[in-house]
Structure formats: C-alpha cells, structure tokens
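Here's a quick briefing to read with the model open on your screen.

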Amino acid sequence: MNALERKLKRQIALDGPISVASYMAQCLSDPAHGYYTNRDPFGAQGDYITAPEISQMFGELIGIWFLDLWQQQGRPNPFHLVELGPGRGTLMADMVRAVLPHLQKNETLSIHLVEISPVLIQIQKEKLEPNGVSVTWHDDLSDLPQAPLFLIGNEFFDALPIHQWVAHKQKWHERVIGLDDDGALAFGLGPVRDMIAPGDNHIDDGAIFEHSPASEAIIAQIANHLTLHSGAGLFIDYGYDKPGFGDTFQALRQNAYANPLQHCGEQDLTAHVDFHALAKSAQETMENTGDNPAISRITTQSDFLLAMGLQERAGQLGAGKDLDVQVAIQTAVERLASPDQMGTLFKALALYPQAISAPVFSRLT
Ligand code: SAH
C-alpha cells in the first residue's frame with residue numbers, strides 16, 4: 001500500500017466514504033503524492049499519448065485557427081496565448097512556430113501556462129524558453145491578464161474531478177468510495193441527492209450520471225472573461241456532446257486500462273468530458289455578461305483538423321521526403337482524424353465573439 005492509499009483509507013475510516021470527485025482530486029493533485037504533482041505522465045514509461053505528441057500538425061493547425069481569430073479582432077498587442085494543462089509544452093511550441101512568422105515587428109507574443117505540476121513546468125521551460133518568447137506560469141486562471149486572451153486546452157477537462165450519481169429504486173445517490181469488509185477501497189451508494197438527470201421518467205437501477213462542477217466553473221470563468229475582454233477559447237478532449245448515462249471514470253497505466261481504486265496517485269484518472277454541459281455553462285454565462293456575448297459551438301476533432309487543412313499540411317511536410325517519413329506522417333493523420341481512432345471520440349468546443357466567424361465552427365450555424 002502506498003502513502004496516498006494509506007492517507008485516503010485513514011480519512012475514510014475517520015470521516016466516512018468520500019465522493020468520486022474528492023477521490024479523483026486527491027489522486028491527481030495531492031500536494032505530496034498526486035499523479036500530476038510528481039511525474040511526467042508522457043515519458044518513455046508513459047501512461048498515455050496525446051495528440052500534440054503524435055504530430056506537430058495538431059498544434060500548427062490550432063495555432064493558425066487562433067491567428068485568424070486574433071486578426072479578425074484587430075490584432076490585440078501583445079497576442080496573449082494561454083494554455084490550460086500544457087503537459088510537455090509540445091502543443092504550445094508548435095503553435096508558437098506556426099504563429100510567430102505572421103507577427104509584425106511591433107507585435108509580441110505573450111505565453112501564459114496554467115499548470116499545477118512542478119515536474120511538467122520544468123519540462124515546459126526547457127521546451128519553450130529557447131523560442132525567446134515571454135512565458136508566465138499560473139496556478140489557476142484568476143491572475144491571467146485582463147486583456148483579450150486566446151485560450152487552448154487539450155485533454156485538460158478530462159483531468160478535472162467528476163461526481164457520479166447512481167440510480168437506485170428511482171432515486172439518485174452519490175456514488176462514493178469507502179472501505180469493504182477487508183479494508184480495501186470500494187465503490188458504494190452514498191446519500192440520496194435531489195437532482196434532475198436527463199430523461200428522468202424511468203431510470204434503470206445502476207444507471208450512472210456524471211457531473212463535473214469543477215469543469216463547469218472553469219468554462220464559466222473563461223466565458224465570462226471572453227465576454228468582458230474578447231479573445232477566443234478552444235477545448236479539445238474525448239467526450240460526448242449530448243447528455244447521457246454511463247460510467248466513464250477510468251484509470252490509465254502504461255497505455256492500458258487499470259482499476260481506478262488501485263495504485264492511488266500512480267496512474268492517470270480521467271472521465272469523458274460532457275461537452276454539452278460545458279457549452280451550456282459557457283452559453284448561460286455569456287448571455288448574462290456584458291453586451292458583447294460570445295457563442296459556443298461543438299464539432300469533432302476530425303472535422304476540425306480536416307477543415308483546417310490536415311491533409312494539405314501532411315502533404316507539405318512529406319513532400320520530397322523518404323517513403324518511411326511519408327508513411328509516418330500519413331499514420332499520424334489517421335490517428336488524429338480517423339473515426340475509429342481519435343477523430344470522432346474527441347470533440348472540439350470553441351468560444352468566440354458573436355460578431356466574428358470562427359474558421360470551421362462558423363459553418364455549423
Ligand atoms: N495538453 C497536454 C497535456 C494533457 S495532460 C497534451 O495535450 O499533451 C493534463 C495536463 O493538465 C497536465 O499538464 C497536468 O499537469 C495539467 N493539469 C491537471 N490538472 C490541472 C489543474 N487542476 N490545473 C492546471 N493544470 C492541471
């Protein structure tokens with residue numbers, strides 16, 4: 001048993017079972033033993049691989065998307081690019097490379113990274129500082145500049161805690177984590193909650209509904225900022241765009257699914273992102289703030305990347321290269337965009353001022 005498991009079990013023995021959200025938050029970000037506090041999850045012994053680590057094309061196309069939105073808004077100077085949960089800094093480095101050549105002499109790029117992991121901050125420093133652009137780190141969104149911000153988050157929201165509710169005899173209970181007869185961590189039924197889940201008429205026993213107040217609070221904070229100061233946001237993650245039931249709480253360890261109640265703090269814990277709830281939270285905030293409301297739109301990663309020119313960029317990168325390089329580039333295209341890989345499971349949510357049209361998303365209206 002590791003130190004975090006011991007700590008959680010002691011807490012449960014003293015105070016009773018804890019919510020899935022509390023368990024997830026402690027496993028991921030406990031100041032001493034949390035998964036993100038301590039390690040580089042993407043290393044050689046990594047637990048998973050993300051889109052920017054698959055190909056530079058991902059960050060380049062996102063960079064061009066933001067460049068368009070920045071230009072349409074009158075090129076606010078400096079150009080504040082913000083990333084939530086920047087991992088190894090690869091996505092931001094690729095965005096910077098795509099964006100910098102389009103800036104004029106008097107225009108500067110100002111990078112802001114919102115990150116909780118000291119290990120990853122060090123890696124981000126090494127990756128980004130050689131670019132010669134200004135980089136500032138933030139613990140959370142509260143001290144970002146009061147200016148137009150262009151915010152990206154890739155696989156950020158899936159790392160934020162979720163609550164789970166379980167249906168039992170036509171009532172919703174919080175799903176909790178307690179101790180079984182052998183003293184092992186185990187799921188259980190917590191108190192009944194007064195809540196409304198979608199399609200509420202008859203719910204089968206055992207149905208699970210997930211809710212992430214932490215994610216909704218962050219997207220609302222961003223939406224509020226965008227209506228007050230303008231800019232744009234783009235959030236890409238695996239998830240669903242319609243409300244629904246299902247248990248998506250999962251652990252990943254060395255690229256394989258694992259039991260989320262084991263190896264506390266030593267494996268990644270995630271949940272699918274409820275894009276419908278994010279978009280709704282953003283939209284409600286934006287409608288109630290200021291007189292320059294922004295709008296939110298959802299599409300798939302595949303539609304986003306293909307419309308931004310993924311195939312064309314792949315062709316450029318491969319031109320004149322050896323066959324094995326061309327094959328590797330094409331394999332990356334497939335991984336990112338094909339429906340049986342990341343293409344449709346991953347969704348993209350954009351927030352941008354109503355007065356302008358965002359590439360890709362404007363076509364959905
Ligand atoms: N965007 C990167 C990394 C995704 S992993 C990529 O696509 O490769 C999730 C990232 O979010 C990590 O950098 C992790 O340290 C960070 N993170 C997790 N929880 C966070 C929180 N509450 N606040 C800020 N960053 C967080």
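In this predicted model, Gly85 puts a backbone N or O atom 2.8 Å from a nitrogen atom of the ligand. Gly87 also uses a backbone N or O atom, this one 2.9 Å from a ligand oxygen. Glu115 brings in its side chain instead, with a polar atom 2.4 Å from an oxygen atom of the ligand. On its own the ligand would expose 570 Å², and the protein buries 93% of that.

**Around the ligand**
- The ligand is surrounded by 18 residues.
- The closest of these are Thr50, Gly85, Gly87, Glu115 and Asn154.

**The nonpolar core**
- The largest nonpolar core is made up of 53 residues.
- Inside that core, the residues with the most contacts are Ile62, Trp65, Phe66, Phe79, Leu234 and Phe361.
- Helix H5 (residues 56–72) supplies the largest share of this core, with nine residues.

**Helix H8**
- H8 covers residues 213–229, so to speak a run of 17 residues, and spans 24 Å from first C-alpha to last, close to the 24 Å expected at 1.5 Å a residue.
- Its buried residues are Ser215, Ile218, Ile219, Ala220, Ile222, Ala223, His225, Leu226 and Thr227.
- An α-helix has 3.6 residues a turn, so residues three or four places apart point the same way.
- The cover over the buried residues of H8 includes strands S2 (79–84), S5 (149–154), S10 (231–240), S15 (294–300) and S16 (346–353), along with helix H9 (275–287).

**Helix H2**
- Helix H2 (residues 20–29) is largely enclosed by the rest of the structure, because seven of its ten residues are buried.
- The buried ones in H2 are Val20, Ala21, Tyr23, Met24, Gln26, Cys27 and Leu28.

**Asp268**
- You'll find Asp268 in strand S13 (residues 268–270).
- Is Asp268 buried or exposed? Asp268 is buried, since its relative accessible area is 1%, below the 20% cut-off.
- Asp268 and Asp47 sit 221 residues apart in sequence, yet their C-alpha atoms are 7.1 Å apart in space.
- The side chains of Asp268 and Tyr36 make a polar contact at 3.3 Å.
- Leaving out neighbours within four places in sequence, the contacts of Asp268 are Leu28, Tyr35, Tyr36, Asp47, Tyr48, Gln250, Ala251 and Leu252.

**Thr37**
- Thr37 belongs to helix H3 (residues 35–38).
- Its relative accessible area is 14%, so Thr37 counts as buried.
- The Thr37 side chain reaches the backbone oxygen of Asp30 at 2.8 Å.
- Not counting residues up to four places away in sequence, Thr37 touches Leu28, Ser29, Asp30, Pro31, Ser117, Pro118 and Val119.

**Ser302**
- Ser302 is part of helix H10 (residues 301–307).
- Ser302 counts as buried because its relative accessibility is 9%.
- Apart from neighbours within four places in sequence, Ser302 is in contact with Ala337 and Gly343.

How values were computed. Residues numbered from 1 in each chain as written. Predicted model: local features only at pLDDT ≥ 70, side-chain atom pairs only at ≥ 80, totals over all residues. Heavy atoms only, no water. Helix = DSSP H or I, 4+ residues; strand = E, 2+ residues; numbered from the N terminus. Expected span 1.5 Å × (residues − 1). Buried < 20%, exposed > 50% of the residue type's maximum accessible area, 1.4 Å probe, protein only. Contact = heavy atoms within 4.5 Å. Near = heavy atom within 4 Å. Polar contact = N/O pair within 3.5 Å; in protein donor to acceptor, adjacent residues only side chain to side chain. Areas by Shrake-Rupley, 256 points an atom, 1.4 Å probe, with all protein chains shown as cover. Core = buried A, V, L, I, M, F, W, Y, C linked by side-chain atoms within 4.5 Å.
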